[in-house]
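This report goes through one protein chain, from its overall make-up to a few individual residues. The sequence and coordinates come first.

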Amino acid sequence: VPILSASISRVDFLCPASVPGTRMEIALQTLTGVAQPIQAVSREAMPGIFSLDQSGRGPGMIMHSGTATLVMTPDYRYLSRAALPDELVTVYATGITAEEEIFVVADGMEIRPQSIIAIPHLPGIYQVSVRLPSDIGDGDMPISMKVKLLDGSIVASNEVSLAIDSPHQQR
C-alpha cells in the first residue's frame with residue numbers, strides 16, 4: 001500500500017479500499033526484515049484535517065488558496081498570516097472522496113466546499129477549498145468537517161484552528 005509518511009517510530013499508510021468489517025493483517029517490511037504482523041478490522045473511512053504539528057489539533061494545514069501561506073497567526077517559523085472574513089482558503093484533509101457530501105464547519109457554521117480535489121502523487125490527500133463566512137470575528141476559529149456516508153449517517157473530523165483578522169485590523 002502507499003506509504004504517506006515514515007519516521008523512526010511511525011509509519012502512516014493508505015489503507016486499501018475494503019468493505020467495513022473486513023479483517024486485515026498488517027506487517028511492515030524494511031531492508032532488514034519483516035515485523036510481526038498485527039490484526040485489524042477495516043472501518044468506514046473517517047475524515048481528518050491535517051494539523052501543523054501532526055497532533056490533529058491546533059493550527060490546521062490550511063492555506064490561503066493559491067499560495068503556500070498558512071492561515072494562522074503570523075509566526076516567524078512559517079510563511080503565515082491570518083485570514084480575512086469571506087476569504088477563500090484551502091483545507092488539507094484525508095478520509096474523504098470528492099463524491100461524498102461534505103461540509104466544512106467554520107465557527108459552528110456549515111459551509112459547502114467550492115471544490116474538493118485529490119492531490120496527484122499523494123494518495124488519500126485532498127484539497128478542500130472553502131470560502132470563510134463574512135460575518136466572523138477576530139482570533140482563532142475552530143474548523144472541522146462533516147461527511148454524509150452512503151448509509152446516511154454523519155461523521156465528523158477532528159477540529160483544528162485558523163486565525164481570522166477583521167479588515168479594520170489590517171494595516
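## Basis and overall make-up

Helices (H or I, at least four residues) and strands (E, at least two) are DSSP runs, numbered from the N terminus. By that definition the chain has 0 helices and 18 strands. The model is predicted, so local features need pLDDT of at least 70 and side-chain atom pairs count only at pLDDT 80 or more, while totals for chains, interfaces and linings use all residues. Residues are numbered from 1 along each chain as its sequence is written, and side-chain values use heavy atoms, with hydrogens and water left out.

Along the principal axes, the C-alpha atoms fill a box of roughly 60 × 40 × 25 Å. Contact means heavy atoms within 4.5 Å. Of the contacts in the chain with a separation of 6 or more, 53% are between residues 24 or more positions apart.

## Surface and charge

Accessible areas come from the Shrake-Rupley method with a 1.4 Å probe; for residues, only the protein chains shown count as cover. The chain exposes about 10,600 Å², and carbon and sulfur atoms supply 55% of that area. A residue is buried under 20% relative accessible area, exposed over 50% and partly exposed in between (1.4 Å probe, protein chains only). Buried residues make up 34% of the 171 residues.

For charges, Lys and Arg count as positive and Asp and Glu as negative, leaving out His and the chain ends. Each charge is placed at NZ of Lys, CZ of Arg, CG of Asp or CD of Glu. The mean positions of the 11 positive and 18 negative charges are 3 Å apart.

## Nonpolar cores

A nonpolar core is a set of buried Ala, Val, Leu, Ile, Met, Phe, Trp, Tyr and Cys residues joined through side-chain atoms within 4.5 Å. The largest one has 27 residues, and Ile96 and Ile143 touch the most other members. Two or more residues of this core come from each of strand 11 (88-94), strand 12 (101-106), strand 15, strand 16 (139-148) and strand 18 (160-164). Strand 16 gives the most, with 4 residues.

Leaving aside residues up to four places away in sequence, Ile96 touches Pro47, Ile102, Ile116, Tyr126, Val128, Met145 and Val147. A second, separate core of 6 residues includes Met63, Leu70, Met72 and Ile125.

Two strands pair if DSSP finds at least two bridges between them. Strand 14 (residues 115-118) and strand 15 (residues 125-131) pair in the antiparallel sense over 4 bridges. Ile117 has Gln127 in strand 15 as its bridge partner. The hairpin has 6 residues between the strands, and among them His121 takes a positive phi near 70°.

Ile119 is found in the loop between strand 14 and strand 15. Its relative accessible area is 16%, so Ile119 is buried. Not counting residues up to four places away in sequence, Ile119 touches Tyr92, Ile125, Tyr126 and Gln127. Ile119 and Leu162 are 43 residues apart along the chain, with 22 Å between their C-alpha atoms.

## Positive phi in two other loops

Most residues other than glycine have a negative phi. Gln54, which is not a glycine, has a positive phi of about 65°. Gln54 lies in the loop between strand 7 (48-49) and strand 8 (62-64), and with a relative accessible area of 65% Gln54 is exposed.

Asp107 is not a glycine either, and has a positive phi of about 55°. Asp107 is found in the loop between strand 12 and strand 13 (109-111). At 40% relative accessibility, Asp107 counts as partly exposed.
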